[in-house]
Structures are given as C-alpha cells and as structure tokens.
There are 4 protein chains.
Amino acid sequence: MTEKSRRKPRQARAQATVEAILEATFQLLEESGLTKLTTNRIAERAGVSIGTLYQYFSDREAILFALSQRQSDNVRKKITELVLENPETSAVRAIIRALMNGPTGSHQTRLILSDALFRSGGSDVMSRQHFAFLDSVSGQLSFDFPHGREAAFILTHTVVQLLRAAAAEPELDLNPEVLEDELVHLLESYIENLTSRFAPAKS
Amino acid sequence: MTEKSRRKPRQARAQATVEAILEATFQLLEESGLTKLTTNRIAERAGVSIGTLYQYFSDREAILFALSQRQSDNVRKKITELVLENPETSAVRAIIRALMNGPTGSHQTRLILSDALFRSGGSDVMSRQHFAFLDSVSGQLSFDFPHGREAAFILTHTVVQLLRAAAAEPELDLNPEVLEDELVHLLESYIENLTSRFAPAKS
Amino acid sequence: MTEKSRRKPRQARAQATVEAILEATFQLLEESGLTKLTTNRIAERAGVSIGTLYQYFSDREAILFALSQRQSDNVRKKITELVLENPETSAVRAIIRALMNGPTGSHQTRLILSDALFRSGGSDVMSRQHFAFLDSVSGQLSFDFPHGREAAFILTHTVVQLLRAAAAEPELDLNPEVLEDELVHLLESYIENLTSRFAPAKS
Amino acid sequence: MTEKSRRKPRQARAQATVEAILEATFQLLEESGLTKLTTNRIAERAGVSIGTLYQYFSDREAILFALSQRQSDNVRKKITELVLENPETSAVRAIIRALMNGPTGSHQTRLILSDALFRSGGSDVMSRQHFAFLDSVSGQLSFDFPHGREAAFILTHTVVQLLRAAAAEPELDLNPEVLEDELVHLLESYIENLTSRFAPAKS
DNA sequence: GATGAATGAGAGTTCATTCAT
DNA sequence: CATGAATGAACTCTCATTCAT
C-alpha cells in the first residue's frame, strides 16, 4: 500500500524504461483487457526483461497504480487548462468536461485504471482528486456547512462514479454532450440546494 | 453473457445444494474476501464435492453472479416493503434507504457482489433495478422530458454508485443517516431541476 | 477385457436402449470427436439417464467396443454380399471394396473405432476379421507355406492399416477407385510372389 | 497445427532442460504407458518444475510430438547409415531394417509416438519420411507412372503401418527376421508389378 | 543494472462412475 | 429397471515472482 515504486529512476535510460513499461501496459489493456494482462506480457511488449520490470515496480498492482496516477494527473492538468482557457465556463462544467475527456483509452481501460486508483490509494491518492475538486468548487460555495463530510463526498464522487458506470455500460450508448449537461445540472442543483440550506439568502 | 447455470435442480436435494453453495460463498466472502474465494473452498465449506458445485455453476463467476442477483432481489423486495409500510415517506428516500439497508454483509462483500452484477449482467439485471427505480420515481415526475436516457441514467445510477464508492472507502467513515439525507437532497434537487426545465409551471 | 456387456438385453425395450446408446455415440463421434465423447453426453443424447447407460455397458470403452464390432460386422456382411453378387470379381478385390465401403462415418470416426477394436479385442475380435479374410483368400493360395504367420499377418493387415492411414491423412486426397486398384495390385502381386516361392509351377 | 514450442532455449541450461523433459517422457512411456503420462509426472521425473515444462511446451501433446520427431529423425539417420554401410543391400530392405531397428523403446512406446506424429504433423512431418522413402526407392523405379499419388502412398506407408500393427499385437509374436523378409517381398513384388505395368520391357 | 530460466502453489475444471431414491 | 445427484481423484495449465548468471 505505502511505498510502491522501488528505484527512483534518475537517469534518462531508466526513465525511458519506466515509460516503455507503462506504455506497454496501456496498450495491452486496450488490446485484451485486465485478465490477459500479465507481467511477462508487459515486459515482453515493453522490450525489457521481466527482471528489469521488477526493478522498477514492486508488483503488478504497482504498475496499474502508476498508470492510473498518470491518467489522474492528466485530468488535473486538463482541469487547469480548461479553467484558464474558458474562464467564462462554470468550474463545475470545466471539471466534468475534464473528467470526461482527460483520460485516454477505451471505456474498459478507464474503468480498470479507475479501479486500480481506488484500490491502492483509496486515501492517499483519491483524496488528492477529492480535494482538488473541492478546492475548485469551494469558490462557488464560500461557506462552511454542517454535514460537510458527506456533502463533500457527494460533490467529489458523483461525477467520477457516474462516468465509471457509464463506461461500464457502453450498451446504454449515452450521448456525451447531453450527459455532460445533465451532470452539470445534477451538481449545480445540489450546490444550490446546499446553499439554500446553509447560507440563506443574504438579502 | 453465455449460459451460466448448468443443471436445473429438479429435486429438493439439489435445491438445498445450490442454497448451501451460495451460503458458503457469502460466508467466505465475509471472512476473507474475493481473492481467497476459490471454488474448492466454497465446495468444502458448503459440504459438497467440487464436482457437485460444477454441476450447478459453470464457473466461479457464475456463483458470484447468482449471489449478487439474490442481493439485488432483496433490495427490490425491501423497496416494495418500505413503500408499503411508510407511504408518507417520499419514494426517493424509501429507495435510498432500501439500497443502504437491503443488502446484508460487509461493505467489502457488497462491493464485490455489486461488481459481479455489473460484470455479468450489466444490461440484463442492472436494468431491472434501473427500471424498478424509474417506475418508483416516475410518479413524482409525471411528465416526459427530453434527454430522457441520460437523465434516467443519472436517476437510476447515482445512488448505487455513490454507495458503492462509500463502501470502498470505509476510512471516510461517513455517517449513514447524514449520507441518506444528503443523497435525498441530491436526487430531489435534481428532480426539481428536471421539473422546472421540462414541465414549467402550468399557471 | 473379457466380459464387457453386463446385462444381455432380451426384451425389445432394452434392445432399443442399447440401440439408442450406440447411435448416440456414433453421432457424437461424428460431430465432435473422441475427446468430447463423454458418457454423460452419450446418455443425454440417447435420451436415457447415465445410470441406465451403465446398466448396459460396463464402461466407456465397452460402448466404443460394441460400436466398432458393429462396423466390423457390417464389413463382414458386405464381403459376403459382394462375393455373392459378383462372383466374377476376385476375392481380394471384393474384400478391399468391402473394407472401403462397409463402414459408415467420417474418416476420423472410422479411425477411432478401428483403434477401439484394436485395443479391446486385439486377439479376440480382430482375429475374427483376420481369419475371415484368410479363409476368403485361401482359396487362391490352396497350399501351406512356411513363414505362414508373418505372411498371413501381412495378408490380413495390409489393407486395413493402409486404409486407416489414408483416413488419417485426408489431405492426401487419394482417389478411392485408384487406391482400390493399387491395393488389389499390391496384394495380388504379393500372393503371386508367395505362390511362386512356395508352390512352384505345377507344369 | 498452431504454434507448438514456446520459448526457444537460448542458454545451454535451457537446452538441457528440454533434453531432460523429453528423456523423462520417454522413460515414463516405457514404464507405464500413455494414460499414466501426465505433465506433472514428466516434470517431476525430469527434475524440473511444472512451470518450467510449460515454458518449453505448450501442452502435453507438444511433448509427445517433439519426442516422436526425434524418433523419426533417428530413423532417417539410420536409413542413411545403413545404405552407406551396406550398399549391396537393396534400398527397400535397408529402409525396412531401419524402420524396424531405428526407434528405441518398447512396441507400445513406438506405437504411441507414431500416433503422436500422425496426429500433430500428419502432413508436415510424416511427408518428410514419405518423400525420403520415395527418393530412396525411386532409383529402383526410374520412371514416372500414372496413379502416382496412390502408388506412392502405398510405397511409403505400407511398412510403417504394418510395423505399427505388429507392435500393437505383440501376442502374435511375429519373428522379426521373417517379417523383414516378407515385407521386402511384399514391397518388391509391388514395385515389380508397377514396373511391368508402366515400364514394359524395352526390348 | 539487466537478463531470463526457473519456480510451484494452486486455480479452475472434467468425467467416469456409484448408489440412494 | 430407471434415475440423476453426487462424487473426488486427477488433470492441465497460469502467472507473479525470484535469483543465479
């Protein structure tokens, strides 16, 4: 759970090795899913020996974890990007858009990586996203409210979990733009509800 | 996806065997989680031979699936029950309460079973809950709205997915009653939002 | 090895059961080969319970054996038939023709049944064919010769084994009529050779 | 048919491992036959782990196939050897002698390996022997004849198949030298017959 | 640092056969 | 006679991981 990576790759060659391993993992996930993903196959695809792989990652889970962190970093970058580019767009929409478009890969792959993130860093990492989200939204709330932990949980998890569910059920064939709209409505009406309950009209 | 159950138990003895297998599976899940759950252990705990187990279930997944369907049936029963007992309670709250209290077992177990349901019956079974939920809520909507598929998806999946997430992160230690309240707020404010958008005041 | 069948079916119904089992076995062999042939599947296809199956056959091998005996009986019948119908045809050709056209079923099935006959009755049953063949041919030889056992072995086994090989290599796509001709040449030239060695010209 | 060997052994150690596996397989075949031959037993006898075995052979069949190829190579070597050593001996006799004495192991083992060769490489490998045989004999024929494919089939398969049958029926207790003689007669009289039909006297 | 041969516990699964009903 | 639920030894095969080279 705690210390996952073994050797911190300082040299360029090592960095490239790590890169190759993660890229190979991603490709294999896309091609044949989690059950076919074995450390040996990853090493082979990455063009390194299985021994080398284990010099950079303590176990299979660590690889998935690293890859999922990457996706998650992408999302964060995307959020910042979007907010800077379209200052007029609401923060909520920016975040939702980032969550929808940030991660690359098929639905299945996203799902797998999101679960890996879940498993390994429940507290560590997920909370980073958690709080990043909260920070972004907090501008709109600008007050403290009771039930804070549960409400915060809802604010931070609703979109991620619904996108996960949508990814898991591709046969529903939901329209991304419409879904984005509805998610914005869902969150914004909840925020409004929170506001009306805990920060009654100042007028 | 394919054909999951093998032999249809005609004799009473066979029915009891299936029962024993599912009960054993549940116990083992509670005790030691998914990774320790092997077909041999299940058979042993159930007091049947491994061969017998394979006469009724095509593989390990099929057992999990059957068990999860059971849980899901329980939830549906609970919903009906609650609605009948407390007609005054809003349908939304009744359903949320059922989803929270219906399934027995630890958080982990619920999570595992919910995932099994997801995997195997994504469309088949999950949608039953989906539409059961919709039916219950539809009284409150009493109108058709565009964006129906996406909105319906949100209505039916939000609570389940958030409870799943909460189960996966027990360290957040959310207060169930407060969470229930907030989920009700979340959904009800979204329903209100839908109403205001698509069924403007008749006056 | 010795006593294979359990209950001798005297009643018509029992006879029909045995029939059904053998027919089912044949069908399954044709459809999916030996490895997929299980006693349970045979019983199912025959429309009897597995218990019933075991009342008529001591084990799986016994079923194959009975079926192969049937094929072998067919061949014998065919030989008699052909000899009676075409008295002008040489005995050798008649036998070869019977061996080629007697057994029904695909190449693979013939192969399997021929092997079953081999295994179970190496001495018992195969020799029946063996001696039947010899008897038919002996008219042409009409003398005793040394090396009798080895020569007889060759006379009785060559055609069967070559047809077996031809069945096992369908990709050679041999022409049946030409093959028949060549087999006749093969055997007849050998018989002539035997004659010239051991029964020098009477003139 | 598909891809049989997995890892190509690059290091000397690996080569030795493959060797040990094949040797172990041969020993076990000799000792207890095909039905008792399991991959686990092979690995144990070879002194390697079951995992190692599966790094070099995709399944049990692949091991049998490799072993049978070895036998087949031995035979070819033996043929060359015999022809070189005894140029006076007819090619036919040399080949028959090689087929009888080339392969080591009991009758049963030979039978099993010959069947394995049949199954897996029906066309690929068997034909190598096929054509090797033909080449050797062709000196004696020195002409083209119609019915080539069927006659060639007979020339190349008769001896192998009869020896197979003889191996399968040890209770016949045929005398090897006499059998060799008779096989020579069988083939040579057929060759003569072919000659007289297709290359009539040049006079 | 890199390699890749070796490991081996243990997973899922099959199927001929028995025997209580 | 027929049934079919139950058996369980035995099998094949996988894969994360180690460690001598």
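D:Glu31 is exposed, because its relative accessible area is 52%, and the cut-off for exposed is over 50%. Keep in mind that this is a predicted model.

What does D:Glu31 pair with? D:Arg45 forms a salt bridge with D:Glu31. The closest N and O atoms are 2.9 Å apart. Now place the two partners. D:Glu31 sits in helix 1 of chain D, residues 12-32. D:Arg45 sits in helix 2 of chain D, residues 39-46. So the pair ties together parts that are 14 residues apart in sequence. D:Arg45 itself is partly exposed, at a relative accessible area of 34%.

Next, chain C. Here C:Arg45 and C:Glu31 meet through their side chains in a salt bridge, 2.9 Å from N to O. C:Arg45 belongs to helix 2 (residues 39-46) of chain C, and C:Glu31 to helix 1 (residues 12-32) of that chain, so this pair also ties together parts 14 residues apart in sequence. C:Glu31 counts as exposed, because its relative accessible area is 52%. C:Arg45 is partly exposed, with 36% relative accessibility.

Now a pair that crosses between chains. Which residue of chain A forms a salt bridge with B:Glu182? The partner is A:Arg197, with the closest N and O atoms 2.9 Å apart. The pair runs from helix 9 of chain B, which holds B:Glu182, to helix 9 of chain A, which holds A:Arg197.

Is B:Glu182 buried or exposed? B:Glu182 is buried, because its relative accessibility is 0%, and buried means under 20%. A:Arg197 is partly exposed, at 26% relative accessibility.

Back to chain A for a network. A:Arg93, A:Arg97, A:Glu180 and A:Asp181 are linked by salt bridges. And the overall count? Over all chains, there are 28 salt bridges.

Last topic: a negative surface patch. Which residues form the patch? Four glutamates: A:Glu188, A:Glu192, B:Glu188 and B:Glu192. Which helices supply the negative patch? Helix 9 of chain A and helix 9 of chain B, each spanning 176-198, and each giving at least two residues.

A:Glu192 counts as exposed, because its relative accessibility is 58%.

So look at helix 9 on your screens. In chains A and B, helix 9 carries both partners of the B:Glu182 to A:Arg197 pair. Helix 9 of each of these chains also supplies residues to the negative patch.

Notes:
Residues are numbered from 1 along each chain as its sequence is written. Chains are lettered from A and ligands numbered from 1 in the order in which they are written. This is a predicted model: local features need pLDDT of at least 70, side-chain atom pairs count only at pLDDT 80 or more; totals for chains, interfaces and linings use all residues. Side-chain values use heavy atoms; hydrogens and water are left out. Patches are made of residues with over 30% relative accessible area and no salt bridge: like charges are joined within 9 Å, nonpolar side chains (Val, Leu, Ile, Met, Phe, Trp, Tyr) within 5 Å. Accessible areas come from the Shrake-Rupley method with a 1.4 Å probe; for residues, only the protein chains shown count as cover. Lys and Arg count as positive and Asp and Glu as negative; His and the chain ends are not counted. The place of a charge is taken as NZ of Lys, CZ of Arg, CG of Asp or CD of Glu. Helices (H or I, at least four residues) and strands (E, at least two) are DSSP runs, numbered from the N terminus. Buried means under 20% relative accessible area, exposed over 50%, partly exposed in between (1.4 Å probe, protein chains only).
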